[in-house]
Amino acid sequence: MKNINNDSRKPNVFKTYQDLFFKSLFFVSALISSLMIIIIIFIAQKGISPFLSSYEYGQQNIISFLTGMVWRQDQAIYGVAFIIINTLISGFASLLIAFPISVLTALFVVKIAPKPIGYFIESAIEILASIPSVVYGVFAVGFIVPLIQTLANIFKVQTAGGSSLLAVILLLSIMILPTITSISITAIKAVDIDLEKASYALGASKTQTNFKIVLNSAKSGIFAGAILGLGRAFGEATAVSMVAGNKMFGPTFNLFDITRTMTSTMLAGLKETTGLDYDIRFSVGLVLMGVILISNLLINFVKNNIGKNHA
Amino acid sequence: MKFFRLMVVGLILSLGLVGCATTETPVEETKSVTGTINVYTRDASSGTRGAFEEFIELKDKLTVTAIEVTGNGDMAVKVGEDLNGIGYVSLTTDFAANGITPLSYKGVEATEENVINKSYELARPFEFVTRASGDFASEDQELVTLAFADFLMNSVEGREVVFAAGGIVDVDAGTAWETLKANHPVLSKDLSAVVLKTGGSTSVEKTLKAALEAFQALTGVQFEMNHTGSSDGFKRTLGSEKDSANAVDIGFASRYFKAEETVNLGAATGVYCMDAIVVVVNDENTLLTDSDKELVFNIFSGAVSTWEEVAK
């Protein structure tokens, strides 16, 4: 330790190189991540191509594509408007179901449950979050769909054997629940304990503290969970197409009627198709990306305006 | 704690309600089929749908209310769950296990014999095509591919396993492999390093795998199956993807090759077995047992939309 000033030149050179090395390593990593923009460029180029006059299978009308209420590959009618509405309905309805349950579960796990129970629930939720979507799809076909058929019989409405908008919503709620919950748990755990202590010191009850202090402080993280959950709901293809029924026109507002989402549209028969029917799926993908972007902005807007009176 | 007690009480109460719901309003067991017909179809790029729509001249005329399913098994499950459903599956489907009843067509029952003797009309071919002569990875690869094509098409042994796997073919009309083998001297070599690559229709997979395994047992040739859909059968042997990483030695289609798919360029091509499409309804639907082109067309085009109209 004494010689550190005398011998400092050599290690310094080494350190300079070390810094330089890591600096370039970070730069290369950042470059690779930002190169992912190529994916967007590729999808955009492929998705826009059917609407250009130079398109090899005949130019498509972008207005009728965006406002169309019928999607029939066999007649080459591609209208995406009702699919957008269907996707929004199923996505937000499942968020509406899953979000409150998730947040309250997270609050319970972190703040209320005894340690072993909380730990057990948290592990269970983490396992649920990592189950592949096709497994959820099989579950939906085997359990949710017959359940809805029974329900429909009780209410005396006719369904397509249980495949319905309701089945999609229930399935998506179950699928996004663990995602939102596990992120909410992390967010609630990160809340500064001093804030809670201050709240108790001011005479607030445990429930008051949990709702007004803890949830409000964890707001950012919880809404990040909601965005990820909604992203999963919008992006889920495999499981949804197993229970949606893929209606050719719409939009669908009846819970017991079949529906069609953007992802199930992109997936159905993708591997067997060519030409326009193949390329137009990229256009649907582009629209889906737009829908997700707008939805995320909307959630951010809600986040920034919620609980303002407490902050 | 009060809150929790309340919640527990609420839970018990709601459970009680659920109990009431199931005991007081039992699900009615209706045997007669009434109400709208739920038409099930495959997605527009499915080979089965293509064949079905060709058979009954339904192209572009399918009712807009049809429900799209994701595959043959999915179709069987969905119609089996829906009393009001009607759909179409391949003959190799297990009807009883899925709770569906096959309809006869023009009074002819959908059986293997009737498909081979061509009296059952809703049938389609399983076709194959190889790469062009001289366009294989090696000369041995080409000779082995042609030997397999011969085995698949003409040998009794090949036809037997294809038949056992659900393909419809006249086994007795084949030639013994011992005789055919003489035409393929390449088979006397050590072929354990040769890998036969197949692709195309997914419908052929079951029958093809059986044939490939039988061929492997006889010759020691390895195989690799990568099936994605009928249109890739031509594409990956002679078409746009013939030199890509997806390229295969033999491509398959579960339909007749189209005119623009120039399969005569391939070293060998042909139909190795037939597959039949069967219109199916739910097990409990006793209204319909026979069908014909007009009835099937009317139902699938939406001209007839309720079971009452069918009953008339």
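## Close-up views of a predicted two-chain model

**View 1. Chain B as a whole.** In chain B, 76% of the contacts with a separation of 6 or more are between residues 24 or more positions apart, two residues being in contact if their C-beta atoms, placed from the backbone, lie within 7 Å. This is a predicted model, in which local features need pLDDT of at least 70 and side-chain atom pairs count only at pLDDT 80 or more, while totals for chains, interfaces and linings use all residues. Residues are numbered from 1 along each chain as its sequence is written, and chains are lettered from A and ligands numbered from 1 in the order in which they are written. Chain B holds twelve helices and eleven strands; helices (H or I, at least four residues) and strands (E, at least two) are DSSP runs, numbered from the N terminus. Its C-alpha atoms fill a box of roughly 80 × 60 × 35 Å along the principal axes. The radius of gyration of chain B is 25 Å, whereas a compact globule of 312 residues would have one near 20 Å (taken over C-alpha atoms, with the globule rule being 2.2 Å times the number of residues to the power 0.38). Of the 312 residues in chain B, 45% are buried, a residue being buried if 20 or more other C-beta atoms lie within 10 Å of its own, exposed if 12 or fewer, and partly exposed in between, with C-beta atoms placed from the backbone.

**View 2. The two domains of chain B.** Chain B is divided into domain 1 (38–123 + 277–311) and domain 2 (124–275), with bounds that come from an automatic or database domain assignment. The C-alpha centres of these two domains of chain B lie 30 Å apart, and their contact takes twelve residues from domain 1 and eleven residues from domain 2. On the domain 1 side, helix 2 (47–55) and helix 5 (112–116) of chain B are the elements that give two or more residues, and helix 2 of chain B provides the largest share, four residues.

**View 3. The two domains of chain A.** Chain A is divided into domain 1 (2–50) and domain 2 (62–305), and 36 Å separate their centres, taken over C-alpha atoms. Six residues from domain 1 of chain A and seven residues from domain 2 of chain A take part in the contact.

**View 4. The contact between chains A and B.** This contact takes 30 residues from chain A and 29 residues from chain B. On the chain A side, the elements that give two or more residues are helix 6 (133–155) and helix 11 (238–243) of chain A, with the largest share, seven residues, coming from helix 6 of chain A. By class, the chain A side has eleven nonpolar, 15 polar and four charged residues, where Ala, Val, Leu, Ile, Met, Phe, Trp, Tyr, Cys and Pro count as nonpolar, Asp, Glu, Lys and Arg as charged, and the others, Gly among them, as polar.

**View 5. The largest nonpolar core and Leu171(A).** The largest nonpolar core has 136 residues, and those with the most contacts inside it are Ala140(A), Ala167(A), Leu171(A), Val243(A), Ala276(B) and Val278(B); such a core is a set of buried Ala, Val, Leu, Ile, Met, Phe, Trp, Tyr and Cys residues joined through C-beta atoms within 7 Å. Helix 7 (residues 165–189) of chain A gives the most to this core, with 16 residues. Leaving aside neighbours within four places in sequence, Leu171(A) is in contact with Tyr136(A), Ala140(A), Ile144(A), Ala239(A), Val240(A) and Val243(A).
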